Amino acid sequence: MSRIQVRDGFLVLMAALWCADKSGVLPIFLLAAAVHECGHLFVIRLSGGTVHALCLTACGAVLRCSLPPSPFSRAAICLAGPAASFALTALANPLGAYRLAGASALLGLFNLLPIPPLDGGMALQHLADGRFTRLLNGIAGVSVLILLAGGVLLWKSGFGGWLFLSGLMVAACNPHTHA
């Protein structure tokens, strides 16, 4: 990888999260995110791809890379991040690092949602290989609505608005969910 780019939005988001993080979980989530991205990097290299840059944005980490032409290789690259997250969960849990295990599991599950630019949505797009566009956009739209509705319900139940805010961010980062 030739370079790491950090966008202003990422720095603003990290500052806001740092201020809001009363329980000290932000560094744990950042470690889980680093392991998640390493999963992608490993499979990109394994499949013959080349990583040019890692860009940290307010919407997450974006790898700028040359990927192999096979839709299955591309889908495997997308799914390697959640797989690394679940591997970290499996390692951390028996060691008693329950917060790290939980953060990593949550990150892996969230990224499997069928919403581009999340890993699950991108894997589906690669496997569809240009087909079923309307169906995939419909699935993504319904998934965003469910995410937002779940976030509102949790927020009203007193569990905070993080899921709702995450849904808003995913919707904002996905051009297919806009009206």
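Q: Is N111 buried or exposed?
A: This is a predicted model: local features need pLDDT of at least 70, side-chain atom pairs count only at pLDDT 80 or more, and totals for chains, interfaces and linings use all residues. Residues are numbered from 1 along each chain as its sequence is written, and side-chain values use heavy atoms, leaving out hydrogens and water. The cut-offs are under 20% relative accessible area for buried, over 50% for exposed and partly exposed in between (1.4 Å probe, protein chains only). N111 has 11% relative accessibility, so it counts as buried.

Q: Which helix holds N111?
A: Helices are DSSP runs (H or I, at least four residues; strands are E, at least two), numbered from the N terminus. N111 lies in helix α4.

Q: Which residues does N111 contact, leaving aside neighbours within four places in sequence?
A: Contact means heavy atoms within 4.5 Å. With those neighbours set aside, the partners of N111 are H36, P82, L118, D119 and G120.

Q: How are α3 and α4 oriented?
A: Axes are lines fitted to C-alpha atoms, for helices over the stretch in contact, and angles run from 0 to 180 degrees between N-to-C directions. The axes of α3 (residues 71–92) and α4 (residues 98–111) come within 8 Å and cross at roughly 160 degrees. Angles under 35 degrees are roughly parallel, over 145 roughly antiparallel, 65 to 115 roughly perpendicular and the rest oblique. That is why α3 and α4 are roughly antiparallel.

Q: How many charged residues are in the contact of α3 with α4?
A: The α3 side includes P82, S85 and F86, and the α4 side includes L100, S104 and N111. Asp, Glu, Lys and Arg count as charged; Ala, Val, Leu, Ile, Met, Phe, Trp, Tyr, Cys and Pro as nonpolar; the others, Gly among them, as polar. The contact has nine nonpolar residues, five polar and, as for charged ones, none.

Q: How are α1 and α2 oriented to each other?
A: Their axes come within 10 Å and cross at roughly 135 degrees. M14, L17 and W18 in α1 meet L26, P27 and L30 in α2. All told, α1 and α2 are therefore oblique.

Q: How is α3 oriented to α5?
A: α3 packs on helix α5 (residues 119–128) at about 170 degrees, with their axes 8 Å apart. That makes the two roughly antiparallel.

Q: How many residues make up the largest nonpolar core?
A: A nonpolar core is a set of buried Ala, Val, Leu, Ile, Met, Phe, Trp, Tyr and Cys residues joined through side-chain atoms within 4.5 Å. Among its members here are F10, M14, V43, L54 and I77. α1, α2, β2 and α3 each give two or more residues. The core's total is 11.
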